[in-house]
Amino acid sequence: MIDLKNLTIEKAHESLKRGEYTVTDLVNEYLKVINEKNGEINAFLEIYDDVLLQAKKAEEMFKNGTATLMTGIPMALKDNILFDGHIASASSKILENYKATYDSFVVKKLKDQGAVFLGRTNMDEFAMGSSTETSAYGVTRNPIDPTRVPGGSSGGSAAAMAANMSLVALGTETCGSVRQPASFCGLVGLKPTYGVLSRSGIIAMGSSLDQVGPLGKNIEDVEILFNAINGYDPKDSTSIPDDMRVNKIKPIKKRIGVPREFLKGEGIDSEVLKNFEESCEKLKNAGYEIVDVSLPSIKYSLAVYYIIMPAEVSSNLARFDGIRYGLSEEGNNLLDVYKKSRGNGFGKEARRRILLGTYILSHGYYDAYYNTAVKVREMIKRELLNMYLDVDAFITPTVPFLPFKLGEKLNDPISMYLCDIFSAPANLADLCSISIPSGKTKEGLPFGLQITAPFLREDILFTIGKDFEKLV
Amino acid sequence: MKLEDIKKLADLARIDISENEMEGLAKDFDPILAYVGQVQEALKISSMNDSSDKKPEDYFLHNVMREDEVTNNRGEYTDKILADAPDIQDGFLKVKQIL
């Protein structure tokens, strides 16, 4: 028996190296848990049929001395990350049988290092949602309390982790989709700087916001996974070139900002705020100076996001036409084929967002919505850049409330959208941001602390995060 | 928002949507548009508002696209890609007559 609950990448690596168990043994332990728990939780949509073959390849690497930290590490992939020859459906009916024809950049990197992909995890359809309830393949339950949602859209990846069905996992973010489920499942989740991880081979939602993000039980695992997949990729036009990535670790000021007026918005749970104040105290005790910062524009972040994202969604999802791949319905003519395939293939939330984006980009409304949102996005970026002259990072709760019950917010889009209120600034301003567990309620529901640092300064997140981790 | 506006959007987006769902969407859209409409207010109040017309070079933008040249052998990926296609004939995608 391997103690999966307390297993970390480094511990697994040491054991594999010393031969205490083989990669196959480790993978089988996870498959056993998946067999027991996945029926109830529905975190995995599919266990890849070549898992044991992947494990054998990793074992070879240990034998011939080419093993690295990620070799033989069992992990989960969100269902919108392409893995050559395997289905990637974005949890949509329109891609139900779509087999990836190439590897995404991040999968290629991990494959080369011998990581073992256990399977693909459930998500909100096309990553549109905050609860993993919009999937075409059923809801995912939160392993901490199965009557509650695991968060979303990377809810399957987070639930797989929380139920010890995987050691680490990859999710993706457009606005909080890694950090929010990490918070709801008591995990660490990272949204890296825009352009650090390649988007090549990731099924697109909002291309100016999308980013792959690692999930782990602690900062160290997230940092190892992040380092294993980052690098310049010429196939992603927004990938940051190597010369800009040079290690520029500078001493940090140990000064953290709190945007007070942002925390006074409607709908923020008092328990969440109380936990946040406690986190501030812990950071003070760890030698950090906590100062108030004024960011008058960031309260508009979510409104800006809900203009830019649907606009990009309506463009990105135009490619699903029933002709080249994916679901195709019979029709009387070509137009009829498009309309029926898209009408039957997309779920309700995807249809809603495509229509919203179509409206926002239409003649007569473009200036009032899209153009204005682009301008306000620039304002938010400038305001944050200015703030970073004074502080290393700013902190907020990750989510304004605790994990909610299944179905509670599904029919109220605005209240569901508010999950993302604290996530939006990082995605809009290309910053890096992390969610770290910050304690639990009496009932055992997890709280999360969100730290957001400047462009390319993931090192700040890891430094503050490790200091904080020791105190929780 | 009126039902006929939603119908027009569904047509533009090439999506068949039931009358019933369109009625629901018409209701959902008003609060969503009211919420996102706040952005107009942001331009008025912020001291950070920069209304100058910036040109692309002010944002250090440059062309990142590679030259448009053939990088693979003819037919190298054809079978693999067509394996995902719903309807094919002689190595082509098959669609309904359009003329």
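A residue is called buried under 20% relative accessible area, exposed over 50%, and partly exposed in between, with a 1.4 Å probe and protein chains only. By that rule, buried residues make up 24% of the 99 residues in chain B. This is a predicted model, in which local features need pLDDT of at least 70, side-chain atom pairs count only at pLDDT 80 or more, and totals for chains, interfaces and linings use all residues. Residues are numbered from 1 along each chain as its sequence is written, chains are lettered from A and ligands numbered from 1 in the order in which they are written, and side-chain values use heavy atoms, leaving out hydrogens and water.

Chain B has 4 helices and 2 strands. Its order from the N terminus is α-α-α-α-β-β. Helices (H or I, at least four residues) and strands (E, at least two) are DSSP runs, numbered from the N terminus.

One of the chain B helices meets chain A. The axes of α11 (residues 348-360) of chain A and α2 (residues 19-36) of chain B come within 11 Å and cross at roughly 60°. Axes are lines fitted to C-alpha atoms, for helices over the stretch in contact, and angles run from 0 to 180 degrees between N-to-C directions. The pair α11(A) and α2(B) is therefore oblique. Angles under 35 degrees count as roughly parallel, over 145 as roughly antiparallel, 65 to 115 as roughly perpendicular and the rest as oblique. Contact means heavy atoms within 4.5 Å. On the α11(A) side, the contacting residues include Arg351(A), Leu355(A) and Tyr359(A). Those of α2(B) include Leu25(B), Asp28(B) and Phe29(B).

Now turn to α3 of chain A, residues 51-63. Val51(A), Gln54(A), Ala55(A), Ala58(A), Glu59(A) and Met61(A) are its buried residues. They cover an arc of only 155° around the axis, which puts them on the same side of α3(A). The arc is that of the directions from the helix axis to the C-beta atoms. Their cover includes α2 (23-41), β1 (44-47), α4 (105-112) and β3 (116-121) of chain A. The face turned away from the buried side of α3(A) carries exposed Leu53(A), Lys57(A) and Lys63(A). Just after α3(A), Gly65(A) takes a positive phi of about 80°.

Two residues other than glycine also have positive phi. Ser91(A) has phi near 50° and sits in the loop between β2 (74-78) and α4 of chain A. Ser91(A) is buried, at 0% relative accessible area. Leu456(A) has phi near 65°, in the loop between β11 (446-453) and α15 (458-469) of chain A.

Notes. The expected span of a helix is 1.5 Å times one less than its number of residues.
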